[in-house]
Amino acid sequence: MKKSTYLCILAAFLCVFSAGCKKADPEAADASAKAPAQVDLLVWGAAEDEALLNQIFESFQQKYQGEADFHITFSPQSESSCMDALMNDLENGADVFAFADDQLNTLVAAGALEPVEPADTIKASNLLEAVHAACVGDTLYAYPLTADNGYFLYYNKRYFTEADITSLERMLEIAAAQEKKVSMDWSSGWYVYSFFGNTGLEVGLNDDGITNFCTWNGTEGPIRGTDVAQSMLNLAASPGFLNTTDEGFLKGVQDGTVIAGVSGTWNALAIEEAWGADYGASRLPSYNCSGQQIQMASYSGYKLIGVNAYSASHEWASLLAQWISSEACQKLRFELRGQGPANKNAAASQEVQSSPAISALLSQSEFSTVQRLGGNFWDPVTVFAGNMAAGNPTGQGLQEQLDKMVEDITAP
């Protein structure tokens, strides 16, 4: 046998022997197969939530320890502008993000969100209105997170009894007698809706997701548009009424000139500090309209957690979103940030129910609706309500003003 032939046979034998040795090492093969995959997730949330979210990320990683090598990055992004930031570069946007519910339709239409599973479990675990806010039609596209973006009545118990706060006219009468004020912001259609919401007069978003319908200028039915407008003029004429922004309301509370007002949970701590033991909160009062007492309505808003449809780790991103919005994490959010839970069990907890502001908001929720409006709503309402707050200085007919407002609200 030639030397070269012998060497070839020897090399072949060594290759076979080596391969056989490798097959005989199953532990090494198993270790390689079970090595955790690296999962990179980018999360957007409010800057104020960073410490809270870091705690949540830590508990999530502990729950799934050994199943993946997580690299979770937090980047501050306001919920109110989340949609705009995401639309700028959807494919490279956050895997998981918090956003305001009024952005849902646009995000779904853009293909940024996919239906959430298990939908039935999530729907059953959360407050009905919060679920509606996370749905397009009957399809759930996001995870409900908070149910506290609405408004209600703050009042100083030193001046008002529980019977007094059921009537806005009575409150204004008391404030005027004390040379104090009851405030509300009529520069924002968000608050002005409260006068029209329970009258049978309607406003909302058309099926195109862009334009509005509106019957606030209605001339038939038990309550007409002019009835509401006249009631607003009557309220504004009271020396106990103050039309001011949220900032003006809080300033008045702190300097003692404002003894009641309409606002949201974001002012709760500052108002409690100012009024101490006299701090009170309740659902909105009723007001007199065409001889009837109309319970004031409100818009409700919700924060949701979304999962980017283009996420490279969509399954893990969905699990993280579900974890962030879980009952335990919503309770933690209330403890650390004072935000009202969307989860039924968390909302029913003693800690949440003992918060005057959250309790008032939940009481008002019976008379609230999810805000779904096109962009043309805001400016016309500001103009109309501003004229009412000023006492209609031009003397223009109320029906004419209502017709103009509706025309602009419903414009293409």
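Is the crossing of helix 3 and helix 14 left-handed or right-handed? The crossing is right-handed, where right-handed means that the near helix is turned clockwise from the far one by less than a right angle, and left-handed anticlockwise.

Colleagues, this is a predicted model, in which local features need pLDDT of at least 70 and side-chain atom pairs pLDDT 80 or more, while totals for chains, interfaces and linings use all residues. Residues are numbered from 1 along each chain as its sequence is written, and side-chain values use heavy atoms, without hydrogens and water.

Helix 3 spans residues 50-63, and its axis comes within 10 Å of that of helix 14, crossing at roughly 150 degrees. Helices here are DSSP runs of H or I with at least four residues, and strands are E runs of at least two, numbered from the N terminus. Axes are lines fitted to C-alpha atoms over the stretch in contact, with angles from 0 to 180 degrees between N-to-C directions. Helix 3 is therefore roughly antiparallel to helix 14, a term for angles over 145 degrees. In contact (heavy atoms within 4.5 Å) are L52, L53, Q55 and I56 of helix 3 with C329, L332, R333, L336 and R337 of helix 14.

I turn to the largest pocket. A pocket is an open set of points on a 1 Å grid over the protein atoms alone, where a 1.4 Å probe fits, with protein on both sides within 12 Å along at least five of seven lines; lining residues have an atom within 4 Å of a point. The lining has 29 residues, with D148, T265, W266, K303 and Q339 nearest the centre. Helix 14 (327-337) is among the elements giving two or more residues to this lining.

Definitions and conventions: Angles under 35 degrees count as roughly parallel, over 145 as roughly antiparallel, 65 to 115 as roughly perpendicular and the rest as oblique.
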